[in-house]
Amino acid sequence: MKDRLHQELILIVDFGGQYSQSIARRIREEHVFCEIVPFTKALEAVKKKTPQGIVLSASPSSVYQQNAPTLPKEFFETEIPILGIGYGMQLMSRILGGEVRKISNKEFGKAVLDIKNSTNLLAGIKDPACWMSYGDEVTILPPGFEVIASTKDIPYAAIEDAKDKFYGVQFHPETVQTPDGRTIFKNFLFGICKLKGVWDMASFVDITVNNIKAKVGDEQVICGLSGGVDSAVTALLVHKAVGDKLTCIFVDHGFMRLNEAKEVVDTFRSRFNINLVHVDASKRFLKLLEGIEEPEQKRKIIGNEFIRVFEEEAKKMGDFKFLAQGTVYPDVIESGSSSTTVIKSHHNVGGLPQDLKFELIEPLRELFKDEVRKVGLELGMPKEMVFRHPFPGPGLAIRVIGEVTSKKLDILRKADAIYLDEIKKNGLYGDIWQAFCVLSNTRTVGVMGEARTYAYVLGLRAVNSTDGMTAEWYRFPYETLAIISNRIIQEVPEINRVVYDISSKPPATIEWE
């Protein structure tokens with residue numbers, strides 16, 4: 001039986017498009033729970049989960065390509081409302097009897113809708129601007145469909161079969177470049193699917209705490225604590241559920257920022273009164289990474305060793321059945337559990353060993369980062385902790401490009417501390433979602449005090465994002481960048497060149513590795 005929070009469900013069928021996670025965020029913003037499933041498992045998920053609505057995502061593929069992502073015709077016989085976006089609209093049209101053709105030039109950019117029917121999906125649209133990104137278009141509508149909007153170049157920019165509740169849009173309502181995209185999603189969720197919107201974080205806390213209590217019973221729980229927002233919220237949720245039956249283990253892998261390990265220990269022991277065991281395994285982790293340069297290999301090694309340390313510590317303290325960890329939804333998606341492609345494995349998802357001896361408790365597994373922060377506030381976490389910039393599980397090990405050494409880590413810690421110090425001094429920390437330094441494996445020639453230097457290139461990264469799935473690089477004032485660069489070069493002699501990363505996600509990722 002579904003709990004109240006999950007009584008309403010939208011399934012997003014992922015065909016490998018870059019915006020599937022953005023669709024999920026737009027739906028979650030309307031307090032409706034949704035899940036992303038790969039197209040290969042879509043029919044199975046519909047039968048098992050009985051959603052109230054389905055969204056078919058965009059895709060870089062063309063529907064007429066050999067081995068293009070597709071769905072069985074049976075998928076459209078479930079009587080569930082369906083919204084197709086881009087490729088999703090084209091695939092639905094083709095399967096149901098319409099025709100799709102390739103256009104001579106791909107359309108990418110803004111367009112203006114000419115709305116012909118504003119009674120259902122396009123009701124209440126005030127700004128007709130929309131964002132187009134496609135290389136194919138529907139040329140003949142399937143039986144029962146009608147056009148509800150067109151643009152100067154696209155006669156079928158939005159279509160509907162109101163009787164069967166099938167809808168399609170050629171543009172991207174999930175992007176900010178479609179100003180009234182939120183209205184379109186509201187129309188689909190509440191007007192067409194008849195949902196009420198019951199997904200909220202206060203209820204999430206109550207239901208999750210009760211679920212943890214029921215699952216744990218009288219058993220003991222250990223929790224992997226890194227000091228980041230995800231693991232901290234996980235620890236507080238589990239502690240709220242089971243109290244002293246929780247023991248947090250802080251595995252200090254030696255890849256933390258300057259003075260960060262001490263801050264984690266002091267905060268959770270004194271402020272939250274949580275049982276905390278501090279394990280300094282820094283030499284052990286560093287030894288395992290000797291000679292390792294490939295990013296995925298680093299992540300796998302750190303993830304496996306992380307769990308091994310947990311197992312060893314748990315044996316020392318008693319018989320622990322459960323391991324709680326701060327897996328969040330982007331971790332699951334990027335590790336390939338939902339999407340068609342593995343972007344990078346996360347130590348708490350794709351990096352887990354096959355012979356894991358614990359039963360997992362992952363209370364945040366369904367949440368995006370902004371939702372995790374809301375849960376933190378519900379649990380009484382101080383704002384400075386809740387809105388702390390995200391920090392990856394493998395820590396600085398994936399911010400040192402190439403082989404990780406003790407010397408490189410020390411260089412990076414000093415530079416990173418200067419960078420964050422200047423950001424805070426200039427009152428910019430709260431304006432930035434995540435800021436960090438990357439120590440490249442490249443050295444360049446420089447001049448210091450009329451002497452030649454041959455030192456490392458340091459990359460600065462700062463981005464803004466809502467959920468970590470997409471991100472825009474932050475526009476620093478030039479004067480601030482100049483101060484940061486000068487301080488780092490003057491105070492960290494092993495660095496003689498500083499560069500600023502102006503790549504967005506996609507096509508880049510936020511982290512370099």
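**Aromatic pairs in a predicted model**

Start with a cluster: ring pairs link Tyr-419, Trp-473, Tyr-474, Phe-476 and Tyr-500. Rings of Phe, Tyr and Trp (its six-membered ring) pair if their centres lie within 6.5 Å; planes under 30 degrees apart are stacked, over 60 edge-to-face, the rest tilted.

A word on the source. This is a predicted model, with pLDDT of at least 70 needed for local features and 80 or more for side-chain atom pairs, while totals for chains, interfaces and linings use all residues. Residues are numbered from 1 along each chain as its sequence is written, and side-chain values use heavy atoms, without hydrogens and water.

By the ring rule, we count 15 aromatic pairs. Take Phe-255 and Phe-285. Their ring centres are 6.3 Å apart and their planes at 85°, so this pair is edge-to-face. Phe-255 sits in the loop between strand E12 (246-252) and helix H7 (260-271), and Phe-285 in helix H8 (residues 282-288), so the pair ties together parts 30 residues apart in sequence. Helices (H or I, at least four residues) and strands (E, at least two) are DSSP runs, numbered from the N terminus.

Phe-255 has 0% relative accessibility, so it counts as buried. Buried means under 20% relative accessible area, exposed over 50%, partly exposed in between (1.4 Å probe, protein chains only). Phe-285, at 2%, is buried.

Next, Tyr-329 and Phe-368. Centres 5.4 Å apart, planes at 80°: edge-to-face. Tyr-329 is in helix H10 (residues 329-334). Phe-368 is in the loop between strand E15 (359-361) and helix H11 (369-378). Both Tyr-329 and Phe-368 are buried.

Finally, the whole protein. It has 14 helices and 19 strands. Of its 513 residues, 59% count as buried.
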